[in-house]
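I opened the model to look up a few points of its fold. My notes follow in the order I took them.

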Amino acid sequence: MSADKEKVAEGSAQPTVKKVRRGVSNQTKAVSQLRFHEKDASTQYGLFVGHLDSVSVDWSVNAEGKQFTGEKVPRVTLHFASNHPSASEQRHVYYTLNCVESNVNTIPEGSEEWKVNNIFNWMKHILDVYYLKGREMTEDEELALALPFADYDDEGNYVVVETADVIAGYAYIFNNFAAMMNGQFNLKDGETPKPCYKTADGKFIPAWLKLLRHKKVKSEWKNVAQNGELGFDSFIGNGIVELIRKDMPPAVLRVDFAKESITPKETKKAPSIGAAGSGMAAMGGVMAGGAPMGMGAPVNGAFAEAADDMPF
């Protein structure tokens, strides 16, 4: 009888759950992430050296006064970082692709069609650099990145689409874009995802990054990112990312110092080019400060360090 009682006691025993208590641990982040500074740039080209660190789809509820007020909406977060070997020394910059409301202005030929086109342009540029690498997109890939709703008819007239369908449509292309970048698109059972922004052995691929503080518009300097911090221009132009080729200068990316600046400039108080209301908000950057860049000098230490670990 006593043996039976012991068995019952054994079977009813619950595993001990370790309760996580508040305190200092290896996961504690004592300082905020460092941001890129103009002193980190190549003094010869005005470009920055880094890598694409992650591509993710995040969701949040939009605040009052923004697009999709009160709705839970998706966004693509592109996280770039410098190539410093120590995580505590790495610089970080983010760019997000956000949903765009459907209305008479955002359909083809509308006054704000550019908001939607900018999302497609950003996706295609990143895919060209890391995923496609010179090849054409397949029909499956094109379908996966096409909005599944139609908010205009054959005559180009606006057709009302439910907000939920618009959000679901952007979630569809955002998730497929992230899947392509993270090696999960059409992945066969049993295969391991391999992000296209990493080498076969899992290392990040070094790249030139075109970060700006200001852009000259109608003879006046305007902020590119929030508060004049270093960030990516919403408009791709000649590109914002280019893979580094060992012992070779950038082939495509250029900074036009007559119209673009990585150093602080006097600006009039006005909304940022890539800020709220543009449909695509630029995040990250750095606090203003630092001496103007000296042109023609050798490239800086960050570039020199990166050159030793090229996968090409």
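Entry 1: I started at V217, whose bridge partner in β7 is E220. This is a predicted model, so I read every value as computed from it. I then asked how many bridges join β6 and β7. I found 4, with the strands paired in the antiparallel sense. The hairpin of β6 and β7 has 2 residues between the strands. I checked phi there and noted that K218 takes a positive value near 50 degrees.

Entry 2: I moved on to β9. Strand β6, residues 214–217, pairs with β9 over 2 bridges, again in the antiparallel sense. Which residue of β9 stands opposite H214? I found S261 there.

**Entry 3: the sheet.** I put the pairs together. The 3 strands form an open sheet, and the order reads β7-β6-β9. The pairing is antiparallel. I looked at the edges next. There I found β7 (220–223) and β9 (260–261), each with a single partner strand, so one side of each has no neighbour in the sheet. I jotted down a reminder: strands of a sheet pair through backbone hydrogen bonds, either parallel or antiparallel.

**Entry 4: two helices.** I turned to α2 (residues 113–132) and α4 (residues 163–181). Their axes come within 10 Å and cross at roughly 15 degrees. Angles under 35 degrees count as roughly parallel, and α2 and α4 are therefore roughly parallel to each other. I also looked up the hand: α2 passes α4 in a left-handed crossing. Which residues make the contact? From α2 I listed V116, I119, F120, M123, I126, L127, Y130 and Y131. From α4 I listed Y170, I173, F174, F177, M180 and M181.

**Entry 5: cysteines.** I searched for disulfides, taking sulfur atoms within 2.5 Å as the rule. The count came to 0. Are C99 and C196 buried or exposed? I set the limit for buried at under 20% relative accessible area. C99 is buried, because its relative accessible area is 4%. C196 has 13%, so C196 is buried too.

Terms used. Residues numbered from 1 in each chain as written. Predicted model: local features only at pLDDT ≥ 70, side-chain atom pairs only at ≥ 80, totals over all residues. Heavy atoms only, no water. Pairing = 2+ DSSP bridges. Buried < 20%, exposed > 50% of the residue type's maximum accessible area, 1.4 Å probe, protein only. Axes fitted to C-alpha atoms, helices over the stretch in contact; angles between N-to-C directions. Parallel < 35°, antiparallel > 145°, perpendicular 65-115°, else oblique. Left-handed = near helix turned anticlockwise from the far one by under 90°. Contact = heavy atoms within 4.5 Å.
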